[in-house]
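I set down here what I looked up in the structure shown below. The entries are grouped by topic.

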Amino acid sequence: FGGGRAQSRGTAGRDLRYTLEVAFEEAIFGTEKEISISRPTLCGGCSGEGTAPGTSRERCAQCDGQGQVAMQQGFFTIARTCPVCQGVGQIIRTPCSTCNGSGKELKDAKIKVKVPAGIDHGQRLKLRGEGEAGSGGGPDGDLYVQIVVKDHPVFVREDSDLFCDVPINYASAVLGTEIEVPTLEGKVSLKIPAGTPSGKVFRMRSKGVPVLGSSQRGDLHVRVAVHVPTRISHEQREILEKLRSLDGDIPTQDEKGFFEKMKEMFS
Ligand SMILES: [Zn+2]
Ligand SMILES: [Zn+2]
């Protein structure tokens, strides 16, 4: 019985894709989002049959319901997909007016998406069976949710580590100080020892991103940058002029040996 055969075979629904934008913190701590998609769903007018009410599919006369026709090619007989029923084995004489015989209609669906803590930009989530509906008993397709993480004004993320630049003044870098730095859980104070060079990175353990599927967290790397002002007051100018007269134009302490190397280059 041809109809039964086509029914059991079915066609799998296609996979669908959706791009989901999440905030920086949402990707780090996880969130739940409701998304709206328009997806091909079994037609309500015909329950996916594709036939008008009171009518049914007929066995395809061309292939006798087999979905394939035999073609003679030289000595060989080759089976090809039936051109009349496109391999279904059945034809629809009176199509359903809602879906025009396709058995599917676009329906808006609201789907809850659990975004796990620690997910990163570019990763994707697979929601099994949330894609296009299968037909003729075939399985439903899957929905792939592509994650796009928005930039953060202060933090840059690299896997489970966070990076941030914090400006400090020259005097504080020389004399040492205590500054407030941002973390995901709010501001914390960070001790800057005397003689901290610009670009020095302070690692704050476990202040980064939770590692996906684990209780561990990455680190926060705070890089201090000595701020050079573009506008200074009269008083600041006087002090700096005095400082320069004491320091000279180039550093007298040459920790990296730069001026020594330069001297060798041109000797
Ligand atoms: Zn056919
Ligand atoms: Zn229909």
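Which helix gives the most to the lining of the second largest pocket? I found that helix 4 does, with eight residues.

**Basis of the entries**

I worked from a predicted model, in which local features need pLDDT of at least 70 and side-chain atom pairs count only at pLDDT 80 or more, while totals for chains, interfaces and linings use all residues. Residues are numbered from 1 along each chain as its sequence is written, chains are lettered from A and ligands numbered from 1 in the order in which they are written, and side-chain values use heavy atoms, with hydrogens and water left out.

**Second largest pocket**

I looked up the volume of the second largest pocket and noted about 580 Å³. A pocket here is an open set of points on a 1 Å grid over the protein atoms alone, where a 1.4 Å probe fits, with protein on both sides within 12 Å along at least five of seven lines; lining residues have an atom within 4 Å of a point. Grid points are joined across faces, edges and corners, and the volume is the space filled by probe spheres set on the points.

I recorded 17 lining residues for the second largest pocket, and Y170, H227, P229, I232 and L240 lie nearest its centre. Two or more lining residues come from each of helix 3, strand 15 (220–227) and helix 4. Helices (H or I, at least four residues) and strands (E, at least two) are DSSP runs, numbered from the N terminus.

I sorted this lining by class and found nine nonpolar, three polar and five charged residues. In this scheme Ala, Val, Leu, Ile, Met, Phe, Trp, Tyr, Cys and Pro count as nonpolar, Asp, Glu, Lys and Arg as charged, and the others, Gly among them, as polar.

**Largest pocket**

I noted about 820 Å³ of space in the largest pocket. Its lining has 21 residues, and Y170, P197, P251, Q253 and E255 are the closest to its centre. Helix 3 (170–175), helix 4 (234–247) and helix 5 (258–265) each supply at least two residues of this lining. Helix 3 gives the most, with three residues. By class, I listed nine nonpolar, six polar and six charged residues in the lining of the largest pocket.

**Salt bridges**

Side chains of opposite charge can pair when their charged atoms come close. I searched the whole structure and noted 19 salt bridges. The criterion is a side-chain nitrogen of Lys or Arg within 4 Å of a carboxyl oxygen of Asp or Glu.

I looked up E132 and R14, which form a salt bridge at 3.3 Å, N to O. E132 is in the loop between strand 8 (124–127) and strand 9 (143–149), and R14 is in the loop between helix 1 (2–9) and strand 1 (16–22), so the pair ties together parts 118 residues apart in sequence. E132 is buried at 8% relative accessible area, whereas R14 is exposed at 52%. Buried means under 20% relative accessible area, exposed over 50%, and partly exposed in between (1.4 Å probe, protein chains only).

I also found a salt bridge between K104 and E132, with the closest N and O atoms 3.5 Å apart. K104 lies in strand 7 (residues 104–115) and E132 in the loop between strand 8 and strand 9, so this pair joins parts that are 28 residues apart in sequence. K104 and E132 are both buried.

R237 and E241 form another salt bridge, at 3.9 Å, N to O. They are four residues apart in helix 4, and so separated by about one helical turn. R237 is partly exposed at 46%, and E241 is partly exposed at 40%.

**Nonpolar surface patch**

I noted a nonpolar surface patch of about 490 Å², made by M71, F75, F76 and I78. Patches are made of residues with over 30% relative accessible area and no salt bridge; like charges are joined within 9 Å, and nonpolar side chains (Val, Leu, Ile, Met, Phe, Trp, Tyr) within 5 Å. Accessible areas come from the Shrake-Rupley method with a 1.4 Å probe, and for residues only the protein chains shown count as cover. F75 sits in the loop between strand 4 (68–73) and strand 5 (76–81), and is exposed at 82% relative accessibility.
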